[in-house]
Amino acid sequence: MNSYDDCMPAHRMVTETRTDTRIGHLKRQGFHFSLSLIVVAGLAACNLPERSRSLGDPNVAAKTLALQVCSNCHGVQGISVSPNFPKLAAQAEPYLVAQLKSFKSHGRSDPAGFEYMWGISARLTDDQINGLAAYFSSQAPPPGKPGNLTLLKEGQKIFEQGIAANNTPACTGCHGAHGEGIQQFPRLAGQHADYIVKQLMVFQRTDERPEGVMMKGIAHELTPENMKNVAAYLEAMPSSP
Amino acid sequence: MDSFICLYRGMKYSRLLAIILVIQALLSPLVADALPVFARQTGQNCVACHAGGQFPELTSYGRLFKLTGYTIGTRTVPLSVMGVASFTKSANPDSDVAFAKDAVALFQTGSIFLAGKVTDNVGVFSQWTYNNYDHQDLGSGKWKGKWASDNFDLRYADRFIGPTEDFIFGFSLNNNPSLTDPWSTAPAWIQYVPTKFGVTAPDASPIISQLGTQVAGLTAYTFWQQTLYAEVSAYQTSNGAWSFLSQGTKSQDQTNLKGVNPYVRLALSHDWGPHSAMIGVLAMNAQIYPDSTNPVGPTTRYRDRGIDAQYQYLLDPHTVTAQFSFIRETITNGDVTGVASNASNTLNQLRLKASYVYRAKYGASLSYFSTTGSSDATLYPDVAANPGTRGWVPEVFWTPVQYLRIGVQYYAYTQFHGASSNYDGSGRNAKDNNTLFLYVWGAY
């Protein structure tokens with residue numbers, strides 16, 4: 001109560017008759033009963049695999065997992081809101097399969113990987129992994145996001161031509177002329193710039209993504225400014241083709 | 001009479017079912033990750049659900065985990081433990097022994113959680129807490145410990161989601177209004193790591209924040225398009241079949257509510273880029289018997305109306321969060337006599353908090369609280385006869401590993417019980433209640 005000295009009145013007022021009390025008791029029992037019913041119904045509810053959020057059940061369809069679990073961070077159509085999480089829409093299917101397997105085997109151990117994905121992928125079956133990759137790769141690619149023109153211009157140069165002075169190759173060689181991704185090389189077009197910069201840092205400074213060892217050499221000479229420019233350009237890239 | 005027997009059997013059946021499900025969960029395969037139960041269930045790091053790792057504040061994903069009934073993941077051993085060790089130092093502990101205590105409490109409180117996924121649609125978050133300093137023995141003055149019910153939230157949830165629609169709905173059986181809320185502005189969640197030592201909050205507070213572990217409530221809620229959250233609940237005193245929700249509270253200390261008391265909550269949420277914002281309102285009406293041991297006759301009516309907002313910026317390595325909560329309470333005594341001088345009173349509670357965490361390890365926060373209200377010599381027997389209490393709480397904390405946090409808070413009062421100086425008529429000033437609180441919090 002609002003009193004801070006816990007004062008309570010000493011007198012008691014008895015105004016209800018015995019019948020009133022009994023009716024009150026009945027009402028309370030009714031309330032208890034309806035609560036019990038809902039608790040029992042809830043506890044007894046059978047599994048609904050079409051809307052399950054279970055990660056250890058091989059019977060749950062990949063699409064169900066994509067909608068009920070993956071979408072929480074990556075978006076229903078693979079377009080994540082927060083740059084903490086990569087966009088998966090139209091991502092190269094073999095790349096998605098390889099990443100999920102790498103999370104599952106703890107091969108990929110960058111913070112974004114182990115903090116979120118190790119647990120999510122731990123019990124996925126090969127069928128579920130293939131299904132998830134198929135689901136996200138078949139979504140419409142993310143549209144480009146307008147960015148700072150100076151950054152975009154510098155970024156475009158790196159993307160298309162690389163940096164001759166330090167032997168950094170162009171991104172287009174592996175990731176496609178439009179950043180659309182080819183087989184195990186991921187789509188970069190439309191990806192969150194912050195995510196690209198962080199992953200370039202992971203490649204350059206750590207061995208946490210052994211499957212991307214090729215990128216370690218490529219990113220070796222990139223300055224933080226180079227990374228920022230190329231990431232801004234990739235985030236702004238239009239979704240076609 | 002037959003119907004009573006059926007009711008009784010129904011209740012026994014529900015309890016039996018609960019016990020069977022708990023045993024079943026206990027026997028399920030053990031996932032040997034050294035993390036508390038929800039982390040074991042999802043296999044994810046604490047930062048996935050808690051903003052910058054600051055328990056209990058939730059991220060967008062954490063809110064969805066809660067609203068979908070704690071059911072994401074794999075069923076695991078549904079047990080966790082938590083412990084708090086603390087040190088409290090009051091600015092001037094001697095002049096009012098009633099509440100301004102100094103304490104080194106190496107082991108202050110410990111909790112056991114029974115929590116996690118039960119079925120694809122049912123999950124639970126329940127906590128029992130041992131307070132090592134529950135009360136002092138009258139003879140020896142020694143502190144005695146006690147186990148008691150703490151938070152309890154048993155949920156049923158379902159989600160219909162597709163390219164254009166996202167509809168989550170659920171039900172909860174719980175023991176605290178706003179415990180079900182996924183935002184940290186909720187009265188049940190805005191203050192954390194509490195201590196019974198020192199002075200760490202205004203004495204007067206709205207009824208909505210005083211009903212924890214006193215009541216049993218049934219909640220229905222929905223979260224539509226991750227935008228509109230709506231919740232309707234009904235609360236009654238947790239006695240009879242529901243007394244397990246208030247276990248450890250003596251009946252004479254338990255708030256006695258008349259009938260069913262409604263709680264309503266609406267919130268609008270929006271995420272863009274690394275930002276997340278919410279604005280909401282809440283309302284609760286409660287009728288309380290003045291004598292908790294004799295629940296008959298007229299009641300005092302409390303009407304709480306609140307507005308709250310939260311902002312979060314989460315982009316590794318930075319976490320910035322801010323909370324605002326304002327609750328206005330109207331207390332009408334009606335035919336109840338003796339508890340207050342006025343026929344009706346008002347009480348306003350304002351709370352603000354901002355925090356920053358770097359790399360989910362090093363954090364700081366600053367809170368401001370201001371409680372104001374109408375003067376009433378019976379309710380507030382100090383000189384000013386007013387609840388007015390204001391102050392600031394700076395805090396720094398360190399999370400060396402994700403299940404251990406070490407922090408220090410300082411409660412600095414500029415006004416207490418309606419005055420900044422000599423509030424008790426014996427020369428005690430508001431700042432004499434300033435309290436330093438150091439805690440070590442751990443969970444497994």
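A residue is called buried here if 20 or more other C-beta atoms lie within 10 Å of its own, a cut-off that the first legend and several later ones rely on.

**Figure 1. B:Leu154 in a strand of chain B.** In this predicted model, B:Leu154 is found in strand E4 of chain B, which covers residues 143–161. Because 23 other C-beta atoms lie within 10 Å of B:Leu154, this residue counts as buried. B:Ser172 stands 18 residues away from B:Leu154 along the chain, and yet the C-alpha atoms of these two residues are separated by 5.4 Å.

Figure 2. Chain B has four helices and 16 strands, and of its 444 residues, buried ones make up 48%. When contacts in chain B between residues at least 6 apart in sequence are taken together, 62% of them join residues at least 24 apart. The average pLDDT of chain B is 87, and 89% of its residues score at least 70. Over residues 1–35 of chain B, however, pLDDT stays under 50, and for this stretch the model has 34 contacts beyond four places in sequence. Where pLDDT is low, the predicted coordinates should not be read in detail. For the model as a whole, the scores are ipTM 0.85 and pTM 0.87.

**Figure 3. Two cis peptide bonds in loops of chain B.** B:Phe55 and B:Pro56 are joined by a cis peptide bond, for which omega is about 0 degrees. B:Pro56 has its place in the loop between helix H3 (46–49) and helix H4 (60–67) of chain B. A cis peptide bond also runs from B:Asp316 to B:Pro317, here with omega near 10 degrees. B:Pro317 is found in a loop as well, between strand E10 (300–315) and strand E11 (318–332) of chain B.

Figure 4. B:Gln226 is not a glycine, although its phi is positive, at about 50 degrees. This residue lies in the loop between strand E6 (215–224) and strand E7 (228–237) of chain B. Is B:Gln226 buried or partly exposed? With 19 other C-beta atoms within 10 Å, B:Gln226 is partly exposed, since a residue needs 20 or more to count as buried. B:Ala360, likewise not a glycine, has a positive phi of about 55 degrees, and its place is in the loop between strand E12 (344–358) and strand E13 (362–373) of chain B. B:Ala360 is buried, because 23 other C-beta atoms lie within 10 Å.

**Figure 5. Helix H5 of chain A and its packing.** The secondary structure of chain A comes to ten helices and zero strands, and 41% of its 241 residues count as buried. Helix H5 of chain A holds twelve residues, 126–137, which at 1.5 Å a residue should span 16 Å, and this agrees with the 16 Å between its end C-alpha atoms. Among the buried residues of H5(A) are A:Gln128, A:Ile129, A:Leu132 and A:Phe136. The buried residues of this helix pack against H2 and helix H3 (93–104) of chain A. Leaving aside residues up to four places away in sequence, A:Leu132 touches A:Ala62, A:Leu65, A:Ala66, A:Cys70, A:Leu96 and A:Leu100.

**Figure 6. The nonpolar cores.** The largest nonpolar core has 89 residues, and those with the most contacts inside it are A:Ala66, A:Leu132 and A:Phe136. Helix H2 of chain A (residues 62–74) provides the largest share of this core, namely seven residues. In soluble globular proteins, nonpolar side chains tend to be buried together.

**Figure 7. The two domains of chain A where they meet.** The domain assignment of chain A gives domain 1 (50–137) and domain 2 (149–236). The centres of the two domains, taken over C-alpha atoms, are separated by 23 Å. Across the boundary, 14 residues of domain 1 of chain A are in contact with 18 residues of domain 2 of chain A. On the side of domain 1 of chain A that touches domain 2, the residues divide into seven nonpolar, four polar and three charged. Within chain A, residues 24 or more positions apart account for 67% of the contacts with a separation of 6 or more.

Methods:
Residues numbered from 1 in each chain as written. Chains lettered and ligands numbered in written order. Predicted model: local features only at pLDDT ≥ 70, side-chain atom pairs only at ≥ 80, totals over all residues. Core = buried A, V, L, I, M, F, W, Y, C linked by C-beta atoms within 7 Å. Buried ≥ 20, exposed ≤ 12 C-beta atoms within 10 Å, placed from the backbone. Contact = placed C-beta atoms within 7 Å. Expected span 1.5 Å × (residues − 1). pLDDT = per-residue confidence, 0-100. Domains from an automatic or database assignment. Nonpolar A, V, L, I, M, F, W, Y, C, P; charged D, E, K, R; others polar.
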